[in-house]
Amino acid sequence: MNWYRFRQTIKLGAKSLWMHRLRSTLTALGIIFGVCSVIAMLAIGEGASQEAQDQIARLGSRNIIIKTIKPPEEERPDAQGSQMKEHGLTYADAEQFKHTIPDIQVVVPQRRLMQEAWYLNRKIAIEVIGTIPWYTEIAPVDLYQGRFLNSADLNYRQKVCIIDEEIFNKLFLFDDPLGADIKISGDFYRVIGVASKLESAAENGGSEADSSGQISGVAGNVYIPLTTAKQRFGEINLQIGTSGQNVEKVELQQITVQVKKTEQVLPTVEILNNLLSRSHKKKDYQIVVPLELLRQAAQTKKIFSIVLGSIAAISLLVGGIGIMNIMLATVSERTREIGIRRALGAKRRDIIFQFLSETVMLTMAGGLLGIVLGSLIPFLVTYWAHMPTVVTGSSLILSFGISATIGITFGLYPAYRAAHMDPIESLRHE
Amino acid sequence: MAIVEIEKLSKNYQMGRLNVAALRDVNLTFEKGQYIAIMGPSGSGKSTLLNLLGCLDRPSGGCYRLGNDDVAKMEDDELSKIRGQRIGFIFQSYNLIAQLNVVENIEVPMYYQGVSARKSSERAKELAELVGLGDRIDHRPSELSGGQQQRVAIARALANDPLILLADEPTGNLDTQSGGEILHLLDDLNNQGKTLIVVTHDAQVAKRAELVIHLLDGTVERIEHNGKGN
Ligand SMILES: Nc1ncnc2c1ncn2[C@@H]1O[C@H](COP(=O)(O)OP(=O)(O)O)[C@@H](O)[C@H]1O
Ligand SMILES: [Mg+2]
């Protein structure tokens with residue numbers, strides 16, 4: 001088939017599609033929506049997974065988080081009532097990590113407490129994080145104003161704090177926070193810095209008080225020197241619950257260590273596990289590896305995308321069946337025309353090509369429109385539903401490829417039927 | 001020179017368990033430039049014969065030579081080519097393609113032979129002129145009278161300058177006036193040397209033909225030789 005014949009066939013196909021505008025449009029709609037949904041679904045899947053990966057990456061892929069948890073035997077309600085229970089990570093643990101594992105670059109112990117913060121007559125629930133200046137190594141701290149903790153704050157047990165933007169917004173409204181004093185548990189802390197919101201308690205999932213379900217609706221984090229936290233809040237935690245009084249002693253709620261290279265993460269986890277299993281027979285710790293979570297997230301993403309993609313592909317398939325249906329109707333409607341063309345010298349392959357070109361044009365047009373719409377929908381989803389979406393080039397190519405394949409596959413049978421009708425019968429057809 | 005030679009040509013149709021012999025052992029020879037009429041009662045096999053002559057169908061038995069080719073045993077693609085190059089069809093119900101205009105309809109046979117766009121549209125316009133429709137070239141079939149449509153069909157049949165023109169009741173759907181005009185046109189073509197094979201019930205047609213084949217029950221009952229007509 002030469003170029004001229006090819007062009008003529010395309011012209012002929014376009015003409016007959018144009019003659020049946022409404023029918024062509026309705027048929028193409030199936031493909032348009034199919035392609036649209038493939039792209040949109042994949043964009044939503046991709047967006048969700050990237051968000052999850054970002055969240056995990058913010059925890060740091062070179063970080064290993066060791067958390068204090070309640071040892072299993074203490075979960076039981078204790079009828080004895082008041083009793084001192086000591087568990088969890090200790091300063092000694094932190095020291096040991098630092099001195100025995102050479103791959104570790106920095107060790108950041110954290111004391112985490114649920115408290116209330118007051119400024120003037122305003123009160124909000126917060127999570128106090130007592131930590132050291134090197135906290136900025138393990139979590140990116142974006143300071144809007146002021147500075148983070150320094151060694152002097154730590155050494156002199158200064159009553160200073162860095163608040164995050166949530167707290168700033170809720171407590172200070174229009175006041176200048178720097179130099180102001182906020183009251184936490186009877187003591188005043190001077191605000192020395194305002195940072196962007198780093199991690200919500202829920203995301204970190206980790207402090208002991210949090211997992212006990214005691215608080216929810218923590219507005220944000222307040223960072224104070226670890227030494228100050230130890231001095232002011234002590235290590236005794238009194239809980240009055242349904243099972244009576246519960247006194248427990250916990251030194252540190254969390255220790256985050258950072259290794260020099262990502263390859264060192266898993267071996268270091270191994271070593272940490274060994275060390276801790278010897279010193280903590282009660283199993284009162286838990287190790288969280290963001291890198292592992294990252295890998296799991298990638299896996300989940302794959303499954304998520306496959307599921308969403310398949311659902312969308314089914315709608316493309318339905319579109320394809322619609323095309324086949326219409327083309328079969330078209331063929332039987334144009335039986336006589338086929339007979340005439342055959343009598344005037346058309347070969348079977350000419351007829352096949354004529355009908356196939358119509359379906360392919362229809363699906364191509366539908367596919368292109370679907371790509372345009374499908375690239376717009378994720379923006380709307382992000383805009384209206386605040387869901388993150390990412391339109392990837394490969395999803396565009398994939399959906400277009402699928403629609404073209406469907407066009408050819410579902411167009412083939414009607415075209416074959418048309419070409420193999422008996423010319424004499426076709427000419428007699430009314 | 002014989003351009004059509006058929007020998008012991010037969011065609012059977014299988015209707016369930018019934019075997020219908022539509023043509024039985026037909027022998028015919030046509031010379032170039034002849035005007036041939038095929039007559040006979042309904043069901044005698046006229047259309048079957050014409051379809052075989054037009055290579056729309058393959059015989060159940062016998063030989064058919066068209067020009068220099070033995071077409072009885074050709075493959076589908078070869079038959080398509082023969083139809084496109086050697087045969088011009090004129091149907092009782094015109095059989096124009098409704099969505100194409102006059103010129104485009106005339107171009108269809110040339111399109112399948114790969115004639116270039118420029119050449120084929122030139123020739124199509126010439127042919128439209130020839131059949132007296134030079135001023136209607138962009139009309140759709142639905143905008144033309146029956147007689148005009150049949151003229152377009154004749155122009156289309158001439159597009160690839162075929163060896164034989166086959167017409168099945170070309171005036172069957174027309175009134176006497178426009179039927180007469182069509183017959184005139186066919187006369188002109190025959191006078192210019194075209195071989196015409198026309199199936200008809202019309203005595204007017206038979207009078208013009210130099211050879212009238214009378215069919216009965218799928219066999220040639222008799223052949224009438226007229227002196228060259230008009
Ligand atoms: N496709 C077919 N299937 C079965 N029988 C057919 C078919 N075409 C024609 N016939 C039979 O063949 C015979 C000749 O038909 P036809 O050539 O159409 O006659 P005519 O054109 O002279 O009226 C008739 O008996 C008809 O019923
Ligand atoms: Mg008939």
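Predicted model: local features only at pLDDT ≥ 70, side-chain atom pairs only at ≥ 80, totals over all residues.
Which residues does A:Ala419 touch, not counting residues up to four places away in sequence? The first legend answers this.

Figure 1. Residues are numbered from 1 along each chain as its sequence is written, chains are lettered from A and ligands numbered from 1 in the order in which they are written, and side-chain values use heavy atoms, with hydrogens and water left out. A:Ala419 belongs to helix α14 (residues 393-419) of chain A; helices (H or I, at least four residues) and strands (E, at least two) are DSSP runs, numbered from the N terminus. Leaving aside residues up to four places away in sequence, A:Ala419 touches A:Arg342, A:Arg348, A:Ile351 and A:Ile352, where contact means heavy atoms within 4.5 Å. The relative accessible area of A:Ala419 is 0%, and the residue is therefore classed as buried; buried means under 20% relative accessible area, exposed over 50%, and partly exposed in between (1.4 Å probe, protein chains only). A:Lys347 is 72 residues from A:Ala419 in sequence, with a C-alpha to C-alpha distance of 8.1 Å.

**Figure 2. The interface of chain A and chain B.** In this interface, 25 residues of chain A contact 29 residues of chain B. The buried area between the two chains is about 2,500 Å², and carbon and sulfur atoms give 55% of it. Buried area is the accessible area (1.4 Å probe) that two parts lose on being put together, summed over both. A:Tyr4, A:Leu344 and A:Ile424 supply 24% of the area that chain A buries against chain B, more than any other three residues.

Figure 3. Across the interface of chain A and chain B, 12 residue pairs are in polar contact, with both residues at pLDDT 80 or more. A polar contact is a pair of N or O atoms within 3.5 Å; within protein, one must be able to donate a hydrogen and the other to accept it, and residues adjacent in sequence count only if both atoms are side-chain atoms. On the side of chain A that touches chain B, α1 (3-19), α12 (335-343), α13 (348-385) and α15 (423-428) each supply at least two residues. The largest share of that side, seven residues, comes from α1(A). Four salt bridges are counted between chain A and chain B; a salt bridge is a side-chain nitrogen of Lys or Arg within 4 Å of a carboxyl oxygen of Asp or Glu. One of them joins A:Lys15 to B:Glu104, with the closest N and O atoms 2.7 Å apart. Another salt bridge joins B:Asp76 and A:Arg348 at 3.4 Å, N to O. This pair runs from helix α2 (residues 76-86) of chain B to helix α13 of chain A. B:Asp76 counts as buried at 14% relative accessibility, whereas A:Arg348 counts as partly exposed at 27%.

**Figure 4. Salt bridges within chain A.** A:Arg122 and A:Asp175 form a salt bridge whose closest N and O atoms are 3.8 Å apart. The pair links distant parts of the chain, 53 residues apart: A:Arg122 is in strand β4 (residues 122-131), and A:Asp175 is in the loop between α6 (165-172) and β7 (181-184). Both partners are partly exposed, A:Arg122 with a relative accessible area of 23% and A:Asp175 at 30%. A:Glu337 and A:Arg334 also meet through their side chains in a salt bridge (3.1 Å, N to O). Here A:Glu337 is buried at 9% relative accessibility, and A:Arg334 is buried at 6%.

**Figure 5. Residues with positive phi.** Most residues other than glycine have a negative phi. A:His386, which is not a glycine, has a positive phi of about 55°. A:His386 is in the loop between α13 and α14 of chain A and counts as exposed at 66% relative accessibility. B:Tyr94 has a positive phi near 65°. B:Tyr94 lies in the loop between β6 (87-90) and α3 (102-112) of chain B and counts as buried at 10% relative accessibility.
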